[in-house]
Amino acid sequence: IATLLLGFTTLTPVNADTTLKTIIVNTSSAPIHIDTCTAMTEDTAVGNENYYFKPRASYSNVSQKTIKALEIQFTILDDFDTQLARKGGIDGDGLGIGQSSHGVWSYISFPETIAIIKCSVQRVKFMDGSSWPVTY
């Protein structure tokens, strides 16, 4: 079970090319370990309210199975740990036992102020058809 401890931070107003604060939450039972997670905004040059939210993550397969697909969840929180939005980044390229990879995703819709981005493993599908967390 993962433990998330957040202190109060200053809300980051979203504007062009802003690096956002991130925290990685790795669950001990997860078959994927998130090694790094960063996030930024990038101006779309379409108008004042249109910015890309661009999270990046690197991760490793720490299971004893080959992974078919995985989803990293990016949860956008305010200073009171209230969830403002949640985005999922899916990697369907597969990942062998002990291998590492990375992903970059881009979204255009997100809150105007962000305190922190929580990065966690949402779900994993293995080549043998099983999944994590276990679904019935």
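**View 1. Tyr-59 and Ser-101 across the pairing of β5 with β8.** In this predicted model, Tyr-59 stands opposite Ser-101, a residue of strand β8. Strand β5, which covers residues 51-61, runs antiparallel to β8 and is joined to it by five bridges. The two strands belong to an open sheet of four strands, whose order is β2-β4-β5-β8 and whose pairing is antiparallel. Because β2 (19-20) and β8 (100-104) stand at the edges and have a single partner strand each, one side of each is left without a neighbour in the sheet.

**View 2. The aromatic pair of Phe-74 and Trp-105.** Two aromatic pairs are found when the whole structure is searched. One of them is formed by Phe-74 and Trp-105, whose rings lie 5.5 Å apart from centre to centre, with 55 degrees between the planes, an arrangement classed as tilted. Phe-74 belongs to strand β6 (residues 67-77), whereas Trp-105 lies in the loop between β8 and β9 (113-114), so the pair ties together parts that are 31 residues apart in sequence. Phe-74 counts as buried because its relative accessibility is 0%, and Trp-105, at 11% relative accessibility, also counts as buried.

**View 3. The largest nonpolar core and the surroundings of Ile-117.** The largest nonpolar core has 25 residues, and of these Ile-72, Phe-74 and Ile-117 touch the most other members. Two or more residues are given to this core by each of the elements β4 (32-43), β5, β6 and β10 (116-126). In soluble globular proteins, nonpolar side chains tend to be buried together. When neighbours within four places in sequence are left aside, the residues in contact with Ile-117 are Leu-20, Lys-21, Thr-22, Ile-23, Ala-39, Phe-53, Phe-74, Thr-75 and Ile-76.

**View 4. Lys-65 between Phe-126 and Asp-128.** The charged end of Lys-65 sits over the ring of Phe-126, at 4.9 Å from the ring centre. The side chain of Lys-65 also meets that of Asp-128 in a salt bridge, with an N to O distance of 3.3 Å. Lys-65 counts as partly exposed at 34% relative accessibility, whereas Asp-128 is exposed, with a relative accessible area of 52%.

**View 5. The salt bridge of Arg-123 with Glu-71.** The count of salt bridges in the model comes to three, and one of them joins the side chains of Arg-123 and Glu-71, with 2.5 Å from N to O. Arg-123 lies in strand β10 and Glu-71 in strand β6, so that this pair links distant parts of the chain, 52 residues apart. Arg-123 is partly exposed, with a relative accessible area of 46%, while Glu-71, at 13% relative accessibility, counts as buried.

**View 6. The salt bridge of Glu-42 with Lys-54.** Glu-42 and Lys-54 form a salt bridge in which the closest N and O atoms are 3.7 Å apart. Glu-42 is in strand β4 and Lys-54 in strand β5, and the pair links these distant parts of the chain, 12 residues apart. Glu-42 counts as partly exposed at 27% relative accessibility, whereas Lys-54 counts as buried at 18%.

Notes: Residues numbered from 1 in each chain as written. Predicted model: local features only at pLDDT ≥ 70, side-chain atom pairs only at ≥ 80, totals over all residues. Heavy atoms only, no water. Pairing = 2+ DSSP bridges. Phe/Tyr/Trp six-rings, centres within 6.5 Å; stacked < 30°, edge-to-face > 60°. Buried < 20%, exposed > 50% of the residue type's maximum accessible area, 1.4 Å probe, protein only. Lys NZ or Arg CZ within 6 Å of the ring centre and 35° of its normal. Core = buried A, V, L, I, M, F, W, Y, C linked by side-chain atoms within 4.5 Å. Contact = heavy atoms within 4.5 Å. Salt bridge = Lys/Arg side-chain N within 4 Å of Asp/Glu carboxyl O.
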